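Have a look at the model first.

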Amino acid sequence: MLMYARNKVSKPIETTETLSVDFRQMLLAIENAGSFVGNGDINHCKRVAFIASQLAKQLNFSEEKIQFVYELGLIHDCGVSTEHMYANLVSQFDWDGAQQHCIVGYHLLKDLAPFSAFALPILYHHTHWQKLERLDISAEEARFANIIFLADRIDVLAMEHDEKHILVAKEQIFQTIAQYQGTFFDPLIVAAFRSIHKHEAFWISLSDRHIVRYTFKMGLLENNRTLNLHDIKHVSLILAYIVDQKSPYTAMHSIRVASLAKFLAATVGLSDEVCEKIEIAGLLHDLGKLRVPTSILEKKGALTDIERSIMRQHSYDTFEILGHVKGLDEIASWAAFHHEGLNGDGYPFHPPEEEISVEARIVAIADIFQALVQNRPYREGLSLAGVLARLNDDANNGKIDTHIVNLVLQHQQECYQIATGAFGDELSIFRLPEQLA
């Protein structure tokens with residue numbers, strides 16, 4: 001860990017290897033982050049992925065296509081960003097608003113080469129088979145989409161029964177699905193489900209203890225697919241979008257923190273690659289907030305002790321999500337330390353001052369600056385003068401880095417314009433249909 005005194009910039013240790021991470025591990029990070037949106041069941045996408053892969057095996061797909069369907073199941077709900085949307089998707093068998101998250105998911109993935117093959121199946125994974133087979137897409141993409149739709153609805157029906165009674169309910173679940181053969185679902189896929197639904201092992205595997213272990217093992221499978229720095233940044237933008245859409249009070253927060261952190265990193269004099277990695281840390285710093293209930297994020301009054309304790313878990317959850325991706329170790333700590341104080345006044349790890357790197361200090365100050373200018377339910381956004389006064393107070397109290405705060409003071413107008421989006425948000429690369437933006 002970089003040794004860095006509060007009033008003196010020390011030279012960071014330069015990275016000699018170009019950042020590269022495993023494709024499957026990053027995909028699992030997307031699933032892990034998205035699973036927090038429902039604030040309850042965190043294994044829905046894991047189960048859908050498993051069910052879809054079993055259907056694919058029964059349909060005699062190649063091993064490569066079985067793996068593709070499994071990965072598609074993991075991220076099929078990447079367009080879900082609110083508790084309300086998630087609740088409707090898992091409580092209604094055929095919700096009228098389901099297509100919205102399909103469209104968002106499609107736009108998030110369509111331009112990211114390693115993930116773009118998932119885009120069309122995600123776009124159509126709630127489209128009824130009788131309509132889907134008439135669309136101008138390949139038969140294979142249509143079948144992939146419908147496998148996910150069927151797997152998703154199987155899981156929704158299974159969620160109505162606890163683990164003790166699922167074996168009693170398996171025939172009822174199949175009969176419900178069978179009613180939609182040829183309308184919602186491809187008869188061939190329903191036939192595959194007819195075969196596998198008879199196996200007790202299939203249903204037992206859906207329990208939390210088994211599905212988590214299965215997902216962990218799948219994450220360890222060797223593959224030769226890796227993501228470079230550009231790809232990781234694009235994936236980070238997807239995750240930042242999901243986080244920032246959770247509440248109107250957090251809109252654009254992660255993207256603007258990332259832009260400000262990169263600007264400060266360049267001003268400090270860090271290398272181009274480190275600046276890019278700090279930008280990624282800024283995009284990902286609030287991943288754990290997906291687990292915080294919207295009622296807490298949007299509360300207008302003071303938080304209770306219990307609510308505050310829930311809020312204080314979010315940066316640890318950020319670390320937990322990113323810490324499982326080999327190669328993101330540094331970025332994980334920079335992101336997760338954004339509420340740590342140099343004087344020990346912070347959370348959740350309370351590291352000694354010498355273990356808080358310059359990169360983590362930059363992300364923390366960028367987060368404070370942007371949060372202060374943004375409207376929140378309990379206050380209006382502060383003026384530049386108000387932000388600078390707060391930063392000076394924190395620096396004088398030993399909570400944040402004095403030298404970086406001085407750099408902010410020297411470039412206060414630029415920092416303010418980046419934090420408020422006055423320059424335009426260059427990182428906002430997604431151009432969603434107007435009604436979804």
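About 50 Å³ of space lies in the second largest cavity, and its lining is made up of F337, E340, L342, I356, A360, R361, A364, K399, I400 and D401. Keep in mind that this is a predicted model, where local features need pLDDT of at least 70, side-chain atom pairs count only at pLDDT 80 or more, and totals for chains, interfaces and linings use all residues. Residues are numbered from 1 along each chain as its sequence is written, and side-chain values use heavy atoms, with hydrogens and water left out.

**How the spaces are defined**

- Everything runs on a 1 Å grid over the protein atoms alone: a cavity is a set of points where a 1.4 Å probe fits but cannot get out, while a pocket is an open set with protein on both sides within 12 Å along at least five of seven lines.
- Lining residues have an atom within 4 Å of a point.
- Grid points are joined across faces, edges and corners, and a volume is the space filled by probe spheres set on the points.
- For the class counts, Ala, Val, Leu, Ile, Met, Phe, Trp, Tyr, Cys and Pro are nonpolar, Asp, Glu, Lys and Arg are charged, and the others, Gly among them, are polar.
- Helices (H or I, at least four residues) and strands (E, at least two) are DSSP runs, numbered from the N terminus.

**Cavities**

- The structure has 2 cavities of 30 Å³ or more.
- In the second largest cavity, the lining splits into 6 nonpolar, no polar and 4 charged residues.
- The largest cavity comes in at about 150 Å³, and of its 16 lining residues, E31, G34, S35, C45 and D77 are the closest to the centre.
- Helices α1 (23-35), α2 and α3 (63-75) each put at least two residues into the lining of the largest cavity, with α1 giving the most, 4 residues.
- Sorted by class, that lining has 9 nonpolar, 4 polar and 3 charged residues.

**Pockets**

- The largest pocket has a volume of about 970 Å³.
- It has 33 lining residues, and H339, Y347, A371, R376 and Y378 sit nearest its centre.

**Nonpolar packing**

- In soluble globular proteins, nonpolar side chains tend to be buried together.
- A nonpolar core here is a set of buried Ala, Val, Leu, Ile, Met, Phe, Trp, Tyr and Cys residues joined through side-chain atoms within 4.5 Å; buried means under 20% relative accessible area, exposed over 50% and partly exposed in between (1.4 Å probe, protein chains only).
- The largest core has 128 residues, and L55, F115, F118, F193, I362 and F369 have the most contacts inside it.
- Helix α20 (residues 358-373) is the top contributor to this core, with 10 residues.
- Another core lies apart from it, with 7 residues, among them Y124, W129, I137 and A145.
- Contact means heavy atoms within 4.5 Å, and, beyond four places in sequence, L55 meets I147, L150, A151, I189, A192, F193 and I196.

- R47 is part of helix α2 (residues 44-58) and counts as buried because its relative accessibility is 6%.
- Leaving out residues up to four places away in sequence, C78 touches G105, L108, L109, I122 and I242.

- A cis peptide bond, with omega about 5°, links Y347 and P348.
- H350 isn't a glycine, yet it has a positive phi of about 55°; H350 is partly exposed, at 45% relative accessibility.
- N60 is another non-glycine residue with a positive phi, near 65°, and N60 is exposed at 69% relative accessible area.
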